[in-house]
Amino acid sequence: MTPSTSNVLIHDTETEEPTRRAFVLSPAWKVSLGVTALAIAALALIYLVGDRADSLVTQAIVTGLLLGGVYALASLGLTLIFGVLGIVNFAQGAMLSMSMFIVYFMVSTFGMNTYLAVIVTVPIMFGFGWLFQSTLMNRLSGDSGHERPLLVTLGLSLLIINTLLMIFGGRPLSVDAPIEGSLRILGAIADYPRMIAFGGAVIVAAALALILKKSPLGLAIRAVSENNEGASLVGINVRRIYALTFGLGSAAVAVAGGLLTPFTSLIPSVGDQYTTLAFVIVVLGGLGSIPGAVIGGLFIGLLQTVGSLYLPGSGSLLLVFVVFVLILFLRPQGLLGAKK
Amino acid sequence: MTKVDTSRRAVAPRAPRTSQSGARRQYMYLTIGLAVFFFLPFVLPESAQPVAVRTLIFAIMAVGWNLMSGYGGMFSFGHAAFFGVGAYTVAFLLTEYGISPWISMIVGAILSAGVGVLIAYMCLRYKLAGSYFALATFAFAQMFLLIAQGAEFLNKTEGINIPLLPQESWVMMQFDQNSYYYYWIPLGLLAIVVAVSIYYVNSRAGQFTQAIRDDAIAAESLGINVMRYRLITVALSCAITAIAGAYYTQYYLFVGPEQAFGLHVSIDALIPAVIGGMGTIWGPLVGAAVMGPLSEVIAGLLRNPPPFLEFLQGRSGLDVAVYAVLLIAIVVFMPKGIFGTIRDRWRK
């Protein structure tokens, strides 16, 4: 990875003096405010001159934002792992599937409440991520190439999906949501499980940001992401931090997978679509940026649902990829990424 | 440009990779291998022939991928795009215009090289490297998948069937179902493709390509046109991959968006090369020979499972899981792949 991308996690805490921070916006926030303003302007334009009924547009926006929250949730782990370890974790989607199936297993075997099962899944996935990084991936560190970590996570992805296939088979399974029903917002329908997932995204993002900024572990993680040699010189066990970071990222994935379970039909490859979208979102928001993942997620969710008002079939997904490639070309550090 | 050569000779008078005798030896191995594998269908049971053909298609793809990613250092995660262009070109030209697959295979290769150069030019012009390059190629392959799924003239998600002819025809590359030609044609294609890569890797352009992979800035400072040689490598890689796609269509008489542009195609292209050894001539072939028959071996194992594996009977997924474990183990413990590791041991 380019060095500039790896220190995104810390860039806005140390650039300005505390007293000045209230008045000076960091460039990343200017960009994100700009993007938000642009998105609102675009939506207003669609309301005013678009030839679609207002209620349709409202529904698309509500659905898009809720979907975007889910996307953001699925991308948080990816961005954290990338920001600190510089690894493009291709097993993101498979780990999402894995946590969904753990939830399914606990609900179907022990009759556990779905959301309680989510909480139980988090430490399991944390342990899994920690173990994976400390036993396998740490052997690759010190290697300058980007390919080997990518290939190992690719292997992990194939392994998880096919192990799930062996255990649970390929038939779609489902988990009941403990809370059913939906809420009407401005005439649009928003169902509770999706709203809970949206709330989960906000909470996980806030928790990750808090851990990174306030806790001693977060300080060590930021130090390692800034300069791992320097960090090890001051006595930080870099490999341990890598393992804990991968664990944290996996825990975020567990929350995402768990909260997705009630409204998803479970097949072993269910997470695959999120792998792709999480890449798009994380690149869009800036690899390694947590607010970037949230804004990127919401943006992609809106783009997909509002785009599908005008584009037939999978055209809106194609639009998402076009945006992705354009961002890669024109602003590879992403919207909230630090400039080179 | 000549300056590069003289300085190289001054530093390393017997650089093994550049020497003509090295290339000659590689051609010799290729000829021997071709002669041995030519007779394989005579000893192989009939049921194993599809496995052999699939392995050969894997091998052609992997040779293509290896040129761009192993020798060129441009890690592609979207070779499905180039495979699919070859596959669909053959299907489209045959069903719409009745053009022989032999001709459309070449058309597909040229088309695919063009597409590849365009994509690679965009990525390199905007200085994408490493993971970013991989992500961009991945995105393009996904875009092609979506386009193929939505394109009316490609029959959308239904794909294109190649009409079955009543009698054998060399022109249309159709034979009796169990004909050995279905094995010999990809074997011949593979031999040509390997010969081309031996030639290219030992050529001036190929040497420049490897120099650029090892250190692009140093290569540029020596006056090598980095972009030009990278794009030549990409074009060659994409053309070879398209040939694999073209033959795939012709062998299975069908192509659909998932079969042509699916993510698993990109993975199938890179796994043999990585397992066998990236950046070596024989690595992709060794990798394909290991991975191609693997699922068949495992399926056989599951048909008559030993007692401790009985619980897996009738379960799918085990073949790919073993695939995955092999991939992880080899990447972690044998960074140079099976062939690369053995070769290094041998040289010591």
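Predicted model: local features only at pLDDT ≥ 70, side-chain atom pairs only at ≥ 80, totals over all residues.

**Notes on the A/B contact and a pocket**

I started with the interface: chain B and chain A bury about 3,600 Å² between them, and 83% of that is on carbon and sulfur atoms.

Next I checked for salt bridges between chain B and chain A, and the count is zero. Polar contacts do turn up: I found two residue pairs across this interface, both at pLDDT 80 or more.

Which helices of chain B supply at least two residues each to the side that touches chain A? I got α6 (101–125), α7 (130–150), α13 (263–276) and α16 (318–333). The largest share comes from α7(B), with 13 residues. Sorting that side of chain B by class, I have 33 nonpolar, five polar and one charged residues. For the contact as a whole, I noted 39 residues from chain B and 39 residues from chain A.

Then I moved to the second largest pocket, which has a volume of about 1,200 Å³. It is lined by 42 residues, and the closest to its centre are A:Ser269, A:Asp272, B:Glu258, B:Leu263 and B:His264.

I also asked where the lining comes from. In chain A, α5 (54–85), α8 (147–168), α13 (272–285) and α15 (315–330) each supply at least two residues, and in chain B so do α4 (49–71), α7, α13 and α16. Which helix gives the most to this lining? My answer is α13(A), with six residues.

Last entry: by class, the pocket lining divides into 22 nonpolar, 14 polar and six charged residues.

Conventions
Residues numbered from 1 in each chain as written. Chains lettered and ligands numbered in written order. Heavy atoms only, no water. Contact = heavy atoms within 4.5 Å. Buried area = accessible area lost by both parts, 1.4 Å probe. Salt bridge = Lys/Arg side-chain N within 4 Å of Asp/Glu carboxyl O. Polar contact = N/O pair within 3.5 Å; in protein donor to acceptor, adjacent residues only side chain to side chain. Helix = DSSP H or I, 4+ residues; strand = E, 2+ residues; numbered from the N terminus. Nonpolar A, V, L, I, M, F, W, Y, C, P; charged D, E, K, R; others polar. 1 Å grid on protein atoms, 1.4 Å probe; cavity = no way out; pocket = protein on both sides within 12 Å on 5 of 7 lines; lining within 4 Å. Points joined across faces, edges and corners; volume = space filled by probe spheres on them.
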